[in-house]
Amino acid sequence: MDRVDRLLEFLKDDPADSFTRFALAMEFMKSGDDERALEAFEKIVEQDPQYVGTYYHLAALRLRMGRRHEALETYRAGIEVADALRDTHARAELQTALLEAEGIGFDEE
């Protein structure tokens, strides 16, 4: 049984387990199955919107898929969640990624 199959089995036991669903989405991304990864990330946001780590990866995936507007909105939503959770680390990562996606990157000296 490969990792994806094992994770799918775990989800059968606990369909609301965001950690397992996140791991599954990452496995789909690694294998190049962007559509299934997108579906898994979106399900996390739907079921567990405070699982803040999802927003960064979902937005990056949407960017890679050419869905820039959706990606920018996802980064912004993640920033709001991070603010509500007072997760300054996640907020900083999301804010930096948003600025880069908007083309406002930081110049190196």
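A note on terms to start: a residue is called buried under 20% relative accessible area, exposed over 50%, and partly exposed in between, using a 1.4 Å probe and protein chains only. With that in hand, here are some points on the structure.

1. **What you are looking at.** This is a predicted model, in which local features need pLDDT of at least 70 and side-chain atom pairs count only at pLDDT 80 or more, while totals for chains, interfaces and linings use all residues. Residues are numbered from 1 along each chain as its sequence is written, and side-chain values use heavy atoms, with hydrogens and water left out.

2. **Overall fold.** The protein has six helices and zero strands, and its pattern along the sequence reads α-α-α-α-α-α. The radius of gyration is 15 Å, close to the 13 Å that the globule rule gives for 109 residues, so the protein is as compact as a globular protein of that length. Helices (H or I, at least four residues) and strands (E, at least two) are DSSP runs numbered from the N terminus; the radius is taken over C-alpha atoms, and the rule is 2.2 Å times the number of residues to the power 0.38. Along the principal axes, the C-alpha atoms fill a box of roughly 50 × 30 × 25 Å.

3. Of the 109 residues, 36% are buried. The accessible surface comes to about 6,800 Å², and carbon and sulfur atoms hold 48% of that surface (Shrake-Rupley method, 1.4 Å probe; for residues, only the protein chains shown count as cover). There are 14 positive and 25 negative charges, and their mean positions lie 3 Å apart. Here Lys and Arg count as positive and Asp and Glu as negative, with His and the chain ends not counted; each charge is placed at NZ of Lys, CZ of Arg, CG of Asp or CD of Glu.

4. Helix α1 (residues 3-13) has Val4, Leu7 and Leu11 as its buried residues. They cover an arc of only 65° around the axis, which puts them on the same side of α1; the arc is that of the directions from the helix axis to the C-beta atoms. These buried residues pack against α2, with contact meaning heavy atoms within 4.5 Å. The face of α1 turned away from the buried side carries the exposed residues Lys12 and Asp13.

5. **A buried glutamate.** Glu27 sits in helix α2 (residues 18-30) and counts as buried at 12% relative accessibility. Leaving aside neighbours within four places in sequence, Glu27 is in contact with Arg3, Val4 and Leu7.

6. **Val52, a buried loop residue.** Val52 is found in the loop between α3 (34-47) and α4 (53-64), and is buried with a relative accessible area of 12%. Beyond neighbours within four places in sequence, the contacts of Val52 include Gly78, Val81, Leu85 and Leu94. From Val52 to Ala77, 25 residues apart in sequence, the C-alpha to C-alpha distance is 9.4 Å.

7. Arg86 lies in the loop between α5 (68-85) and α6. Please have a look at its backbone: Arg86 has a positive phi of about 60° although it is not a glycine. Arg86 is exposed, with a relative accessible area of 74%. His89, in helix α6 (residues 88-101), is also exposed, with a relative accessible area of 55%.
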